[in-house]
Amino acid sequence: GATWTLSAAAARPGTVTVGLSGPRGRTVDRRIYIPAVPVINPRPSVNGLEMISIPYEFTNNDAEHVFESLGGLQPGQLGSLIRWNPLSLTYRWFPDPFVTNVQIGAGYWLLNRAAVQIVLPADAQPLPLDAPVTLSLSRGWNQIGNPFIFPVQFDTCEVITPYGSQVSMQEAIGQGLLQPTLFDYNPTTREYEWREELSQIRLDPYVGYWILAYADIGLVVSPLGALGATSASPAARPASAKPGEWRATVVLNRAGQAPAVRTFGVAAGARDELDARDIVAPPAPMGAKVLAAFVEASGTGAARLVDLKASGSQEKVWCLQVTASSPQRDLALSWPDLSEVPSDLVLVLEDTATGGRYYMRTTAKYRFEMPEGGTRLFKISAQPKSEVPPLITGAQAQAVAGGNYALTFALGAPAALDVQIRNIAGVVIRRLVAGQAFPAGTNTVLWNGRSDNGTRVPAGRYLCEISARCPESGQASRIIAAFAVTR
């Protein structure tokens with residue numbers, strides 16, 4: 001046996017993995033959870049912004065008292081404290097009454113402009129681990145935090161329903177009372193982060209989280225969840241995709257910010273409309289310049305970071321909206337991994353501002369600019385190849401002046417063409433076009449009525465064979481039109 005004792009220094013709470021190598025090559029690993037201490041070390045950040053909570057009670061919970069080591073929260077000073085008001089749907093800045101007092105279990109945006117270490121005052125007292133704490137959540141987005149100094153597993157929390165009953169987290173999710181996802185903010189990337197596996201969601205001390213409630217409810221955070229977290233448990237593996245399910249990501253690359261990764265796909269039991277399989281985006285991070293989220297086709301509705309639609313054989317369309325608060329250049333969309341997308345689906349990205357369409361299997365990236373800021377809407381469609389309109393249609397041949405014949409046809413997309421004339425026995429007598437690129441729309445190829453050796457062909461029935469290949473989608477099509485040559 002072995003026993004470890006760790007002394008928590010003035011650092012962020014978290015986990016330490018300790019390993020013991022024994023005889024015969026056997027090893028034992030254990031995770032030890034480090035509790036919070038009343039010191040907040042700044043995290044790496046471009047602008048000193050992070051989302052926090054304070055897992056302590058104070059005799060004097062005035063924000064200026066709690067953050068006195070920061071050097072002041074008044075406008076123009078080194079620090080600022082901001083909190084989202086779910087009733088007014090706006091941010092409130094200190095010294096607004098909504099932010100004046102620091103509440104245990106509440107989340108805040110903190111601006112630590114000088115990146116100084118924050119030492120909490122001497123009256124900071126952790127909550128005892130003998131009773132749960134109920135956090136009141138208003139309908140909509142709420143900023144919350146862990147009221148205890150130890151991590152708490154989110155799935156051990158319970159929910160007080162609008163009717164006063166107390167149910168488990170799984171029951172509350174089943175009743176549609178809240179979105180089963182917590183979002184925290186990474187100040188280095190300036191992006192939200194989240195986990196989709198409920199068993200992997202954890203409330204850590206000092207971290208502020210977003211949670212979406214679909215009704216006025218209470219979130220009961222139990223210290224038993226904190227105590228239970230001290231035992232090691234294997235990480236849950238994501239559930240494997242069921243037949244007919246697939247996911248892919250589209251990435252917005254933007255200057256000065258980390259790439260924004262958004263997920264789209266289909267799933268069994270999902271609906272094309274907003275449902276519990278989708279992940280709704282929290283309010284935009286403070287100072288965000290460029291955002292990306294899936295929306296309804298009209299460009300409205302709840303913004304989604306993950307948009308899963310019903311599985312099925314019909315065409316699916318996702319609408320990705322890019323929003324910029326100021327003019328932006330060097331923006332790009334990419335889709336690095338389409339390996340889960342079935343090969344019989346044609347994926348197309350459409351820029352609704354320009355009308356441009358790009359086949360995603362053969363195009364790796366799409367660059368664009370937003371010279372005036374605002375919004376830009378892109379459509380991603382997944383259509384079975386069997387439902388894709390024919391690449392070539394309407395082929396016909398007719399005599400024209402000078403003894404020539406006009407071979408006319410329509411292309412549904414730009415394509416490379418081979419055009420040949422065959423006699424009625426199917427033998428090729430003239431090769432007119434080989435691999436030549438033609439634009440989408442109506443096209444005409446002229447034939448002078450002569451064979452490959454230059455002699456005039458005799459009167460009779462002939463076949464015009466047109467083969468088209470779209471280099472972007474990989475789609476291929478062939479059509480044969482019969483016509484008569486007269487002399």
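This is a predicted model: local features need pLDDT of at least 70, side-chain atom pairs count only at pLDDT 80 or more; totals for chains, interfaces and linings use all residues.

Reply: Leaving aside residues up to four places away in sequence, I118 touches P38, V39, I40, F67, S69, L70, L110 and N112. I118 itself belongs to strand 8, which covers residues 118–119. Its relative accessibility is 1%, so I118 counts as buried, the cut-off being under 20%. P42 lies 76 residues from I118 along the chain, yet 7.9 Å separates the C-alpha atoms of the two.

Turning to the aromatic side chains, the whole structure holds 22 aromatic pairs. One of them joins W141 and F183: the ring centres are 5.8 Å apart and the planes meet at 65 degrees, so this pair is edge-to-face. The pair links distant parts of the chain, with W141 in strand 10 (residues 140–145) and F183 in strand 14 (residues 183–186), 42 residues apart. Both partners count as buried: W141 has a relative accessible area of 11%, and F183 is at 0% relative accessibility. W141 and F183 also belong to a cluster linked by ring pairs, together with W84, Y91, W109, Y185, Y192, W194 and W210.

Another ring has a charge over it: the charged end of R83 sits over the ring of F98, 4.4 Å from the ring centre.

As for the surface, W4, L6, L20 and V28 make a nonpolar patch of about 310 Å². Of these residues, L20 is placed in strand 1 (residues 14–21), and its relative accessibility of 36% makes L20 partly exposed.

How values were computed
Residues are numbered from 1 along each chain as its sequence is written. Side-chain values use heavy atoms; hydrogens and water are left out. Patches are made of residues with over 30% relative accessible area and no salt bridge: like charges are joined within 9 Å, nonpolar side chains (Val, Leu, Ile, Met, Phe, Trp, Tyr) within 5 Å. Accessible areas come from the Shrake-Rupley method with a 1.4 Å probe; for residues, only the protein chains shown count as cover. A salt bridge is a side-chain nitrogen of Lys or Arg within 4 Å of a carboxyl oxygen of Asp or Glu. Helices (H or I, at least four residues) and strands (E, at least two) are DSSP runs, numbered from the N terminus. Buried means under 20% relative accessible area, exposed over 50%, partly exposed in between (1.4 Å probe, protein chains only). Contact means heavy atoms within 4.5 Å. Rings of Phe, Tyr and Trp (its six-membered ring) pair if their centres lie within 6.5 Å; planes under 30 degrees apart count as stacked, over 60 as edge-to-face and the rest as tilted. A charge sits over a ring if NZ of Lys or CZ of Arg is within 6 Å of the ring centre and within 35 degrees of the ring normal.
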